[in-house]
Amino acid sequence: MITLLAMVILSSAVSANNDVNGIALAYDSHAFDDDHDDALKAIKRGEILSYDRIKSVAERELGGKMVGERLRRTNQGWVYEVRVRRNDGKVVFAIINAGSGKVISKR
């Protein structure tokens, strides 16, 4: 039981500083509520594109149906992390700039 708990704590610590193509992703659970409020305010101010706009961009640019998304604050601003299932069944992961809708990376 102690070994399992240690593994969970270690895996949480390791994933706390993920980096995708030079974009450090924040995973501070204490900051989640603040990030959520900040995201809502940014959407209302027009600084972040809506989910519907990002869905349209993702499906058009990646050629499939969006099956998952997450809005994250990074060291370079807000991004949407999206998963799109293409017509051939392959799932593509992409990072999209939340303000401009530009696809930053995909794999």
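Arg 60 is exposed, with a relative accessible area of 57%; exposed means over 50% relative accessible area, buried under 20%, and partly exposed in between (1.4 Å probe, protein chains only). Arg 60 forms a salt bridge with Glu 61, with 3.8 Å between the closest N and O atoms. A salt bridge is defined here as a side-chain nitrogen of Lys or Arg within 4 Å of a carboxyl oxygen of Asp or Glu. Glu 61 is partly exposed, at 45% relative accessibility. The model is a predicted one, in which local features need pLDDT of at least 70 and side-chain atom pairs count only at pLDDT 80 or more, while totals for chains, interfaces and linings use all residues. Residues are numbered from 1 along each chain as its sequence is written, and side-chain values use heavy atoms, with hydrogens and water left out.

The structure holds five salt bridges. Side chains of opposite charge can pair when their charged atoms come close. Arg 45 is exposed, with 52% relative accessibility, and Glu 47 is partly exposed, with 45%. Another links the side chains of Glu 81 and Arg 72 at 3.9 Å, N to O. Both of these residues, Glu 81 and Arg 72, are buried.

Four strands form an open sheet in the order S3-S4-S5-S6, with antiparallel pairing. Strands (E, at least two residues) and helices (H or I, at least four) are DSSP runs numbered from the N terminus, and two strands pair if DSSP finds at least two bridges between them. Strands S3 (64-74) and S6 (103-106) stand at the edges with a single partner strand each, so one side of each has no neighbour in the sheet. From one strand to the next, the twist averages 25 degrees. Axes are lines fitted to C-alpha atoms, for helices over the stretch in contact (heavy atoms within 4.5 Å), and angles run from 0 to 180 degrees between N-to-C directions. Strands S4 (residues 77-86) and S5 (residues 91-97) run antiparallel and are joined by seven bridges. The bridge partner of Glu 81 in S5 is Ile 95. Helix H3 (residues 51-62) lies across S3, S4, S5 and S6 and runs at about 125 degrees to S3.

Thr 74 lies in strand S3 and is buried, at 11% relative accessibility. The side chain of Thr 74 reaches the backbone nitrogen of Gln 76 at 3.0 Å and the backbone oxygen of Gly 77 at 2.7 Å.

Methods:
A polar contact is a pair of N or O atoms within 3.5 Å; within protein, one must be able to donate a hydrogen and the other to accept it, and residues adjacent in sequence count only if both atoms are side-chain atoms.
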